[in-house]
Amino acid sequence: MTKAKKGNLFGLSGSVKDQLAQKMLEKRLKKVTELQMNSENKSDGARTRKSLLSNSKISDDFCRFDKFPGYQQIRILEEGGKQLGVPSPFFKVHEGVASNVTHIAGQEYINFASYNYLDLCGHPDVSEAAKNAIDTYGTSASASRPVAGERPVQRDLELALAKLYDVDDSIVFVSGHATNVTTIGYLFGPKDLILHDSLIHNSIVQGGQLSGATRLPFPHNDWQALDELLFQQRKNYERVLICVEGIYSMDGDYPDLKRFIEIKQRHKAFLLVDEAHALGVLGKKGHGIKEHAGVDGHEVDLWMGTLSKTLASCGGYIAGEKALIEHLKFSAPGFLYSVGISPPLAASALAALKLLDEEPERVLQLKERGHQFIALAQEQGLNVGSSAGLSVIPVITGSSAMAGRLANACFERGINVQPIFYPAVQEGMARLRFFICSSHTEEQIEHTVNVLAEEINKLK
Ligand SMILES: Cc1ncc(COP(=O)(O)O)c(C=O)c1O
């Protein structure tokens, strides 16, 4: 960051100027957010009648893309970033496989911004499996599986995932996000209740909204609050779904799974566990929170996961009992009306699963580096929240401006890490989010934490 950007404005110190600029930003954002909510709350009927009165009176707000409140929010954030001297950290172009290091604009960076947890993306066996599948089947499944039929590698992957969770079967979708949206959106309805951790991933919230069920968040990892909610609410609903994550994507901690299983059994509810950041990470063999907590596969109703992280591919899955999987295969819109997973992507995930079994030392390496990171960060007095020091470690900076500046300062010193701003997290909880991978070296971790501590001190 240059001196000029840090300098005084009308006698105000940099940080006071930041605070004022940020307050303005928040005020403007709040205004467009309220506008958006108001327009969502207006009944469709009322709006249609108004439009029909006279086309000439239709406001620009309703016929121009640049008037969408969501777009205006993006513009405000972009302008705010410029005002605060923080260039956009998004959409950097990587010039090869991103693992513990990556190359951007010809420079090498220590990389903490990829979910390549076990370094299986770029592994020769995984790439070869994908290439062989292309040679055999081409690049696309070309239609939905009920229509276009099966490619053996798709079913092999599903059976391997079912085996991993020790359940009857599994179903693979083309996106992890869509897996949650379509599964929850399809299975549950207006007479049902969806209870999810307050820090749950957006895909689960979206699925809940699509379902029309009542959706209630419970405080993060608080199984007692969930139990209490169910004692109060269970009787008012038909089906109840509880959603938790194996490792939380923003905070890097995990739930006490056995407690959640007891609760779901006590209240006759279904339990969904999103394993996106836990597969390949938790448990000695990296089999996720099931292995870590020592529970049976059938004690959880829906094991959900993504293929895009440890499994070096793209897609998502649900594993569980036969009646669930068969039902989804014949009826879930995101499976029935969407193309089947492309053969090279199925083959790469399958090859990655094989490597997970053959090379469990990768899981141990990731854990060692994660623990090292968190121990050093705590020694330096950095705020790592409640992270368990595994795949995801946040360094909470407080303000969004501070997170943006710190990420840029790290980038200038050869470290690529992504800031997470308001509104993705609450204001005051902005952070840099570090994804650890098995190939990070002790030196890289030590260097990174030292740079972080130095830059935070400089920016204070
Ligand atoms: C917890 C969680 N669930 C689901 C998803 C969606 O997965 P994908 O990115 O593979 O679509 C993500 C993405 O990061 C996630 O963090």
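**Helix packing and the ligand shell**

Visitor: In this predicted model, at what angle do H8 and helix H9 pack?
Guide: H8 and helix H9, residues 202-211, pack with their axes 7 Å apart. The angle between them is about 30°.

Visitor: Is H8 roughly parallel or roughly antiparallel to H9?
Guide: Angles under 35 degrees count as roughly parallel. The packing angle here is about 30°. Therefore H8 is, relative to H9, roughly parallel.

Visitor: Is the crossing of H8 and H9 left-handed or right-handed?
Guide: The two helices pack with axes 7 Å apart. Their crossing is right-handed.

Visitor: How many residues of the contact of H8 with H9 are polar?
Guide: From H8 come Gly-176, His-177, Asn-180, Val-181, Thr-183, Ile-184 and Gly-185. They meet Ser-203, Ile-204, Gln-206, Gly-207, Gly-208, Leu-210 and Ser-211 in H9. The contact has no charged residues and 4 nonpolar ones; the polar count is 10.

Visitor: Which helix gives the most to the shell around the ligand?
Guide: The ligand is surrounded by 14 residues. Among the closest are Gly-176 and His-201. The top contributor, with 3 residues, spans 176-187: helix H8.

Visitor: How many residues of the shell around the ligand are charged?
Guide: The shell has 11 polar residues and 1 nonpolar. The charged residues number 2.

Visitor: What share of the residues in the chain is buried?
Guide: The chain holds 18 helices and 13 strands. A residue is buried if 20 or more other C-beta atoms lie within 10 Å of its own. Of the 460 residues, the buried share is 45%.

Methods. Residues are numbered from 1 along each chain as its sequence is written. This is a predicted model: local features need pLDDT of at least 70, side-chain atom pairs count only at pLDDT 80 or more; totals for chains, interfaces and linings use all residues. A residue is near a molecule or strand if its C-beta atom, placed from the backbone, lies within 6 Å of it. Helices (H or I, at least four residues) and strands (E, at least two) are DSSP runs, numbered from the N terminus. Ala, Val, Leu, Ile, Met, Phe, Trp, Tyr, Cys and Pro count as nonpolar, Asp, Glu, Lys and Arg as charged, and the others, Gly among them, as polar. A residue is buried if 20 or more other C-beta atoms lie within 10 Å of its own, exposed if 12 or fewer, and partly exposed in between; C-beta atoms are placed from the backbone. Axes are lines fitted to C-alpha atoms, for helices over the stretch in contact, and angles run from 0 to 180 degrees between N-to-C directions. Angles under 35 degrees count as roughly parallel, over 145 as roughly antiparallel, 65 to 115 as roughly perpendicular and the rest as oblique. A crossing is left-handed if the near helix is turned anticlockwise from the far one by less than a right angle, and right-handed if clockwise. Two residues are in contact if their C-beta atoms, placed from the backbone, lie within 7 Å.
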